[in-house]
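Please look over the structure shown here before reading the points. They are meant for someone who has not seen it before.

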Amino acid sequence: MAVVPKERKKVTALLEAEARIQEKWENSKAFECDAPDNKSEKYLTTFPYPYMNGRLHLGHTFTISKCEFSVGYQRMIGKKCLFPFGFHCTGMPIKACADKLKREMEDYGFPPNFPTIEEEEVVEKNAIDEITKDKSKGKKSKAVAKQGAGKYQWQIMKSLGLNDDEIVQFADANYWLDYFPPHCIADLKKMGLKVDWRRSFITTDANPYYDSFVRWQFMRLHEAKKIDFGKRYSVYSPKDGQPCMDHDRASGEGVGPQEYTLIKLKVVSPVPKILQKITVPIYLVAATLRPETMYGQTNCYLHPDIAYSAFYAGPEENHVFIATARSARNMSYQNLTAKFGEIKFVEGLEKVFGRDILGAGLEAPLAHYPKVYALPMLTIKDDKGTGVVTSVPSDSPDDFAALGDLKKKKPLREKYGITDEMVLPFEPVPIIEIEGLGNLAAKEICERLKIESQNEKDKLEEAKKEVYLKGFYDGVMLVGAYKGEKTSVAKPKIQAELISSGQADKYVEPEKKVISRSGDECVVALCDQWYLNYGEPEWKLEAKKALAQMNTYSDEVRRSFEYTIDWLHEYACSRSYGLGTRLPWDEQWLIESLSDSTIYNSYYSVAHLLQGGSLNGAVPGPLGISAKSMTPETWDYIYLGHKYDASKMPVSEEKLKALRKEFLFWYPIDMRVSGKDLVTNHLTYLLFIHTAIWKDQPQFWPKSVRANGHLLINNEKMSKSTGNFLTLTESIERFSADGMRFSLADAGDGVEDANFVFTMSDAAILRLYNMLEWIQEMISLRKDKSFRKTNANRFCDKVFANEMNKLVNETAQHYEKTNFKEALLSGFFQYQAARDQYRDVCGGDLEMNEDLVFRFIETQALILSPICPHIGEQIWELLGKEKMIVNELWPKTEPVDEQVLKEWAFFEEAVRGFRLKLIAYMNPKKKGVPLPEAPTIATIYVAKEYPGWQRSVLEILNQQYQANNNQLPDNKIISGIIAKDEALKKHGKKTMPFVQMMRELFEKKGVSAFAIQSPFDQAHVIQQNIDYLLNSLDLDKILIQHTDEEGLDPTIVEAVCPGSPLIVYIADPEGVTVEARNAEICNGLFSTLVRVTEDETVTGLIRKLRRANRAIKPRFDIKLYRFTDQELGDRSMGDCRSPYNGKDLISENAIFSIDIPARCAYIKIDGQKIPIGRSIVYQACQNECA
């Protein structure tokens, strides 16, 4: 039989308890909640429904946990709470995957036998991209992980743990809708999610209720003129024959169309031989982002070894373009060729290398030079633009460097057949003035950075960043019709004139490579499509109003929303392929996946009454309403409050009132949680659509959106390919639900990437398991009546109770702000540390107050329960509570006693100082000095107030603080003021060191550092904790003295100030060693030598005995005895049945005295001095000694 590792035993125990508790919750319907009849506070939180093409992973879970922790807390503060959860099936991915499986079986058999393909993608950065790119777009998000472009769908399904016989069923798209949602629900239940599963549903027309809801939504948007039809540039999959939106992509999510100006450089004499057979005008077409710089063209660049294509362009095919085949493919979808999606190449010139065109004469639009030439450039790439680069060396460092190489290197010119007259006469033309860079910015920056060649890529990248950034935004035109205007203003005007005059066209391509789910490289196409007109100015203003009243929890998220609202324009909301809902007025189109998922949060409010617990709405809900009865007017009644009209609403008004009641109670969304990448699309669309559907009804607009960063695992990006990846179920099996939840809370809260650390999860398991064991021990001790029973009135009791009050309040604030890492810090780590500190100060478990211990246990379970509810439920069961902890309220607290906080802060700081002083005492700095013996006595000096001269300095500091706008001036100024004070002159050397000390104290404590008197009795605080000090400093005796007592050393008086006591250690005084014997047999406690000093107390001697004999546990009660017969008692044979016969109990009030010459000890009682010889007896009992 295999041995289960200890750590796995703990996880197994936690998992077993979690399964039992989850069943308990489900059976009691703990998280189901309906709109009440009375007025109640409510809380609705939602998570973007996950796409149903696989199981949920830890990244999903991280975002889900924000909803989960928040709803757990909100329940505890008495709100009616709802956390619903739906499943997204709309769009192309499921359909594409199903079709792909069909094709793979057709091509490779069943089960498929695939060839091995290796693919590597290289991503390079480009300076101009960095400047002109759309900064509203976030990082790649969830769609990226859906499918690798070079991976077979069958293999992806295998990676989900499915066998071949199971996979074949997924060739039917509908099977995905039946398979994954129930599995995801089961996985989420294992996490202990507080979800009302009655309200769950799937999207698409497979669910007639949701389909009806989406159709209603789009009808109303269409009527409000928020949806238009026309041609729009869209990322497009030629293979799929439709726009390829974010969720349809295997790679390139977030990539949009990039617009260029396509400059037509007409080929003139000398015409390259390879082009001479063409009889129509020929143009080299260059894609530029900066048409305003065309005045400065000096040449055109081609890569000698790139393959270009010559193809007929225009509706009449009456001219020829030369560009890369990739860009020709894009152009064919943008009405730049005669037929949509078709390219007619010049026969024989389907592929022509750049070297065969070099030297061609060209007419360049707007150029200063009437003729320029096609020259070689070796850094051109064919994966962006057209492969043709128009050269403006005045403002492009690349162009300047390449032109310089050709001018300086005759062999380079000769290699490609370039004559001197094609290069040498051409100089950069000043066209733009840029502050700090002049009117030849590229020349200036290349000289500054000492760039000598086009091969210095790093330097050129740096140069481009500076020139393009400044030129793009701050340049001023020096030439042309718009001379004197900023380049940013002149650019669109110049572009429009170039296009209208026929010297240029608009050309658009994807910003980066986009691969569709069907494996097709996408282009940008001019498509007929329905689109949401997010660019409408009035609608943008409404979205900004919604944003203004919404909590975003982060300035960065708010800025991202603002930027996106400003940037957002028309968005295609229709497609012809995939799963979803048909456009009500044009059913050839499907509504795309980011457009049917904007106000679906409102559907949660009524789903449980319509669908009857079936995800696809196959079974009508409790109200017995059929999907056919959900007419647009019916939805109007529910969501818009329209009057009841039986002719258009085939549902009784009573039932509609029940639906509207649910909507009115739960809406709006109190907190929408999502990854930050969705701010730039889904979450912004959510604002727009809410303002359109509930126009002028801000009470229905979202109250808050909380965006989080991506989740790293062990500080590395999650990746299936590297194995750094965990599904939700794998995480639970490995760490338990609460162990995982604990680590998710600890991973991070902001919009920066969070980090899930395995070692933290392992440590969480240990902490939680150990906490349960400790609680069980405490319950056992209570049962045995082992705790200290006195009232909780000791100083340490007050401190602990006060600390619990403070931390409970702090934790509530962190939960309210959704700062769960901070909530875990205060509500677990610091809470546990407070308990440990209390136990330490008390001297062990048994010395803690029982009421406080169990108050700690209860409050710890409660304040941790939003994060670790299963542990909380186990604790509740151990305590015998009747209610489930998920139904309990947040613990009530007493007001925090600020005075106790100050007193404890003083004591903690003092103890730190005492320990440092002890280390210094035991480790003298002087070399050659023998190490001293450990001290056994100490005197602590405390000052009630500062002495005279120090008081005067503090008064000056206070005055300067107030006169200087609540800040301290420089020490030089303070020194000048002190120098003028006659009373302080004699203390001159001491005043400024004191000022500096107080300045440092002021930085820690603020203005309270200048208080002349201590606000509390320091000696009393120390005295209340004297036992703790004696034990922690390993001392036998501590004396406390005030500095105002007579006869004290003046240096000590001046060294001590209020709040900063001084300790002086004293070596062990003379004493007599006695033997402390244990009279009981077989208890493992043996004789121990202890030293008795003059005026030793019984308590002090017992403390020494405990320190000398570590076998005497803190929970043992100790009594001391002396032999009745001082002469023969310690020599006689004891009676094991009556071990204390012949022994007298030493009173706790007795004081010891010693006779050093005689090496004998005595006890003094009532004026009598009774010898005890050289031996005493001790009794150690686990409970109180009889």
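1. Basis of the model. This is a predicted model, in which local features need pLDDT of at least 70 and side-chain atom pairs count only at pLDDT 80 or more, while totals for chains, interfaces and linings use all residues. Residues are numbered from 1 along each chain as its sequence is written, and side-chain values use heavy atoms, with hydrogens and water left out.

2. Confidence. The average pLDDT of the protein is 89, pLDDT being the predictor's confidence in each residue, from 0 to 100. A score of at least 70 is reached by 96% of the residues. A contact means heavy atoms within 4.5 Å. Where pLDDT is low, the predicted coordinates should not be read in detail.

3. Helix α8. Helices (H or I, at least four residues) and strands (E, at least two) are DSSP runs, numbered from the N terminus. Helix α8 covers residues 208–223, 16 residues in total, and spans 22 Å from its first C-alpha to its last, close to the 22 Å expected at 1.5 Å a residue. The expected span is 1.5 Å times one less than the number of residues. Buried residues in α8 include Tyr209, Tyr210, Phe213, Trp216, Phe218 and Leu221, and also Asp211 and Arg220. Here buried means under 20% relative accessible area, exposed over 50%, and partly exposed in between (1.4 Å probe, protein chains only). After α8 comes Lys225, with a positive phi near 60°.

4. The second largest pocket. What lines this pocket? Its lining has 44 residues, and Cys842, Gly843, Glu847, Arg1106 and Pro1114 lie nearest its centre. On a 1 Å grid over the protein atoms alone, a pocket is an open set of points with protein on both sides within 12 Å along at least five of seven lines, where a cavity is a set of points where a 1.4 Å probe fits but cannot get out; lining residues have an atom within 4 Å of a point. The space in the second largest pocket is about 1600 Å³, a volume being the space filled by probe spheres set on grid points that are joined across faces, edges and corners.

5. Make-up of that lining. At least two lining residues come from each of α24 (795–816), α25 (820–842), α34 (1026–1033), α36 (1098–1108) and β35 (1117–1123). The largest share, 6 residues, is that of α36. By class, the lining of the second largest pocket has 17 nonpolar, 10 polar and 17 charged residues. Ala, Val, Leu, Ile, Met, Phe, Trp, Tyr, Cys and Pro count as nonpolar, Asp, Glu, Lys and Arg as charged, and the others, Gly among them, as polar.

6. Backbone details. Most residues other than glycine have a negative phi, and most peptide bonds are trans. The bond from Phe110 to Pro111 is cis, with omega near -10°; Pro111 sits in the loop between α3 (93–108) and α4 (127–132). Another cis bond joins Ser269 to Pro270, with omega near 0°, and Pro270 is in the loop between β6 (257–268) and β7 (282–288). Asn715, not a glycine, has a positive phi of about 70°; it lies in the loop between β26 (711–713) and β27 (716–717) and is exposed at 56% relative accessibility. Arg1159 has a positive phi near 55°, is placed in the loop between β37 (1151–1155) and β38 (1160–1165), and is exposed at 55%.

7. Val508. This residue is in strand β17 (residues 504–510). Is Val508 buried or exposed? Val508 is buried, because its relative accessible area is 2%. Beyond four places in sequence, Val508 touches Tyr233, Pro257, Gln258, Glu259, Asn330, Gln334 and Val524. Its C-alpha is 9.0 Å from that of Gly385, 123 residues apart along the chain.

8. Val267 lies in strand β6 and is buried at 10%; its contacts beyond four places in sequence include Pro272, Ile282 and Leu284. Glu1080, in the loop between β32 (1071–1078) and β33 (1088–1093), is partly exposed at 28% relative accessibility. Not counting residues up to four places away, Glu1080 touches Pro1139, Tyr1140 and Gln1179.
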